[in-house]
Amino acid sequence: MEAATPKTITVLGTGLLGAAIAERLISRGHAVTVWNRSQERLAPLVALGAQPAPTPQQAVAASKLVITVLSDGPTTQAVLLEQAADALAGRLVLQVATIAPSESVGLERDLAVLGAAFLETPVLGSRPEALQGNLQVMVGGEATALERALPVLRELDPAPKPLGPVGAATHTKLALNQLIASLTHSFSLALHGVQAAGVEVEAFMAILRASALHAPTFDKKLAKELAGDYSNPNFPTAHLRKDLNLFVEAARAQGLDVQGLSGLQSLLQRATAAGLDGLDYSALHALTGAPQLEAEV
Ligand SMILES: NC(=O)c1ccc[n+]([C@@H]2O[C@H](COP(=O)([O-])OP(=O)(O)OC[C@H]3O[C@@H](n4cnc5c(N)ncnc54)[C@H](OP(=O)(O)O)[C@@H]3O)[C@@H](O)[C@H]2O)c1
């Protein structure tokens, strides 16, 4: 793929995903300014050519296009509206973090007051996909803003997916992450169940793979689950809990019956005390086992 005309882009938040997005944009020849609360996290990006900014205000002032990849809605609101408000006029903000639909709608409204345009652009995929430019970028917002953003969004997803007004992409992202949580949970229980019965895992997997029940994510996480090694996460358990809770809140507001997810919510709540929050989300498997299995984690 040929590189787009080089742009000047600001990335606010260089955690796991934000750093990979910034790295991808730098590798495609764009001039990228980065800000992160913990400034030491900027060093690898500066080594690749990024411009570090000491404050969100200075970072936003540096570019017409601002990408936010902060942990959640309240943090994104605080960084943009409290720490960068005076620099936002004329900016287009692309909001990548997984937040509540109501928070996304609120950001669009509050940014408009400050003279900034807004698109919600949550993504499916993680660091490897961001580095390769093959995330699935879901877009909520107005067509004029999307037209402005497209050359840059195409660096992350060759075909960004417009879904409707602000809120539509966030709802879609939460629906997908509810599937991540539910599928991981269902598979984990099935795996523990056959193992506890003394059935060979490969014999179970062969039947599953040959059936309509198989999902690729089962095989993707199987080795981690069998080894009980959830290190080097791309998407940690704490974020999965956040996203499931956001889905439940949004689905309740839509009048859906979400009581089937409440057990999974409490299970994920136990991840913090079990020390699993910073590990790969498949560490959920350590919570579903019999107590003696959990003790081995
Ligand atoms: N990782 C993925 O694969 C993935 C995929 C899709 C969507 N997402 C979503 O993208 C967002 C970021 O995920 P991530 O995995 O990159 O998370 P992460 O590694 O935990 O990074 C979170 C970022 O938010 C910043 N932050 C947290 N609290 C802050 C505060 N009070 N003030 C200012 N900055 C603050 C962190 O700064 P510090 O470095 O100073 O802590 C860091 O830059 C989340 O909403 C996540 O659900 C992630």
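This is a predicted model: local features need pLDDT of at least 70, side-chain atom pairs count only at pLDDT 80 or more; totals for chains, interfaces and linings use all residues.

Colleague: Fine. Which domains does the assignment give for the chain?
Modeller: Domain 1 covers 8-165 and domain 2 covers 170-295.

Colleague: How far apart do the C-alpha centres of domain 1 and domain 2 lie?
Modeller: Those centres are 28 Å apart. The contact draws 16 residues from domain 1 and 13 residues from domain 2.

Colleague: Which elements give two or more residues to the domain 1 side?
Modeller: On the side of domain 1 that touches domain 2, those are α5 (101-113), α6 (127-132) and β8 (136-140).

Colleague: And what is that side of domain 1 like by class?
Modeller: Nine nonpolar, four polar and three charged residues make up the side of domain 1 that touches domain 2.

Colleague: Switching to helices. At what angle do α11 and α12 pack?
Modeller: About 150°, with the axes of α11 (residues 237-253) and α12 (residues 262-269) 10 Å apart. Angles over 145 degrees count as roughly antiparallel, so α11 and α12 are roughly antiparallel to each other.

Colleague: Is the crossing of α11 and α12 left-handed or right-handed?
Modeller: Left-handed, as α11 passes α12.

Colleague: Which residues make the contact?
Modeller: From α11, L240, R241, L244, N245 and V248. From α12, L264, Q265, L268 and Q269. By class, the contact of α11 with α12 has five nonpolar residues, three polar and one charged.

How values were computed: Residues are numbered from 1 along each chain as its sequence is written. Axes are lines fitted to C-alpha atoms, for helices over the stretch in contact, and angles run from 0 to 180 degrees between N-to-C directions. Helices (H or I, at least four residues) and strands (E, at least two) are DSSP runs, numbered from the N terminus. Angles under 35 degrees count as roughly parallel, over 145 as roughly antiparallel, 65 to 115 as roughly perpendicular and the rest as oblique. A crossing is left-handed if the near helix is turned anticlockwise from the far one by less than a right angle, and right-handed if clockwise. Two residues are in contact if their C-beta atoms, placed from the backbone, lie within 7 Å. Ala, Val, Leu, Ile, Met, Phe, Trp, Tyr, Cys and Pro count as nonpolar, Asp, Glu, Lys and Arg as charged, and the others, Gly among them, as polar. Domain bounds come from an automatic or database domain assignment.
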